Amino acid sequence: MRGRAFPRRVRVGRLVFRDPFYTCALLYILLYFDSSQFLRIGLLAACLHECGHILAFWLLFRRLPVVEVTMTGFCMRLGGAPLTPGRQFWLAAAGPGANALLAVLWYARASARLTVWDGAFLAANILTGAFNLLPVPPLDGARMLGALREVVTKKLHSESK
């Protein structure tokens, strides 16, 4: 720790917590004032989004990635895993895809009698998935667009030979 009151990183298996004291303190304060519980629902949608990425990574590589938890969210560390453009596209699409699947399933389950919680969970999944599809680095949309651009560039390059 040398001169620091709190550790910068704490590793628990495949999870790495960066600045855990400050992350937990911020989360505690936000959740304390979340009387509507919409923040909790949004965090649940974000965690399920990341679970989609983790499941896709496991299906592609048959191992779990290292997941770093920070104050700004989750980040998967690929650990040198070889990513072809196709793998990169599907790995990036898995998060928004998980949110879209959850939104469809939740709507089908709750459409007859939609409660406030149901509507908030549905909206949180739609918003989380749509936000992550924006073509802005480091969001999933930018990664998907980059993978598609790489495939098109390779195809055009191979056709010109």
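Author: A crossing is left-handed if the near helix is turned anticlockwise from the far one by less than a right angle, and right-handed if it is turned clockwise. With that convention, α2 crosses α4 in the right-handed sense. The model is a predicted one, and the part taken here is helix α2, which covers residues 38-61.

First, the setting. The chain holds 5 helices and 4 strands, in the order β-β-α-α-β-β-α-α-α along the sequence. Its C-alpha trace spans about 60 × 60 × 30 Å along the principal axes.

Start with α4, residues 116-132. On the α2 side the contact consists of Phe38, Ile41, Gly42, Leu44, Ala45, Ala46, Leu48 and His49. They meet Val116, Trp117, Ala120, Phe121, Ala124, Asn125, Thr128 and Asn132 of α4. By class, the residues of this contact are 11 nonpolar and 5 polar, with no charged residue.

Next comes α1, residues 20-32. Here the axes are 8 Å apart and the packing angle is about 130°. Angles over 145 degrees would be needed for roughly antiparallel, so α1 and α2 are again classed as oblique to each other. Leu27, Leu30 and Leu31 of α1 make the contact with Leu39, Arg40 and Leu43 of α2. The residues of this contact divide into 5 nonpolar and 1 charged, with no polar residue. Asp19 has a positive phi of about 50°, although it is not a glycine.

The remaining partner to describe is α3, residues 85-110. The axes of α2 and α3 come within 8 Å and cross at roughly 140°; the two helices are therefore oblique to each other. This crossing is right-handed. From α2, the contact takes in Ala45, Leu48, His49, Gly52, His53, Ala56, Phe57, Leu60 and Phe61. From α3, it takes in Arg87, Trp90, Leu91, Ala92, Ala94, Gly95, Pro96, Ala98, Asn99 and Leu102. The residues of the contact comprise 13 nonpolar, 5 polar and 1 charged. Ala45, Leu48 and His49 of α2 touch α3, and these residues also belong to the contact with α4.

Helix α3 itself carries a kink of about 35° at Ala94, shortly before the proline Pro96. Both Ala94 and Pro96 are among the α3 residues that meet α2. From its first C-alpha to its last, α3 reaches 37 Å over 26 residues, close to the 38 Å expected at 1.5 Å a residue.

A cis peptide bond joins Pro137 and Pro138, with omega of about 5°. Pro138 lies in the loop between α4 and α5, the latter being residues 140-159.

Notes: Residues numbered from 1 in each chain as written. Predicted model: local features only at pLDDT ≥ 70, side-chain atom pairs only at ≥ 80, totals over all residues. Heavy atoms only, no water. Axes fitted to C-alpha atoms, helices over the stretch in contact; angles between N-to-C directions. Contact = heavy atoms within 4.5 Å. Nonpolar A, V, L, I, M, F, W, Y, C, P; charged D, E, K, R; others polar. Expected span 1.5 Å × (residues − 1). Bend = angle between axes of the 7 residues up to and from the residue. Parallel < 35°, antiparallel > 145°, perpendicular 65-115°, else oblique.
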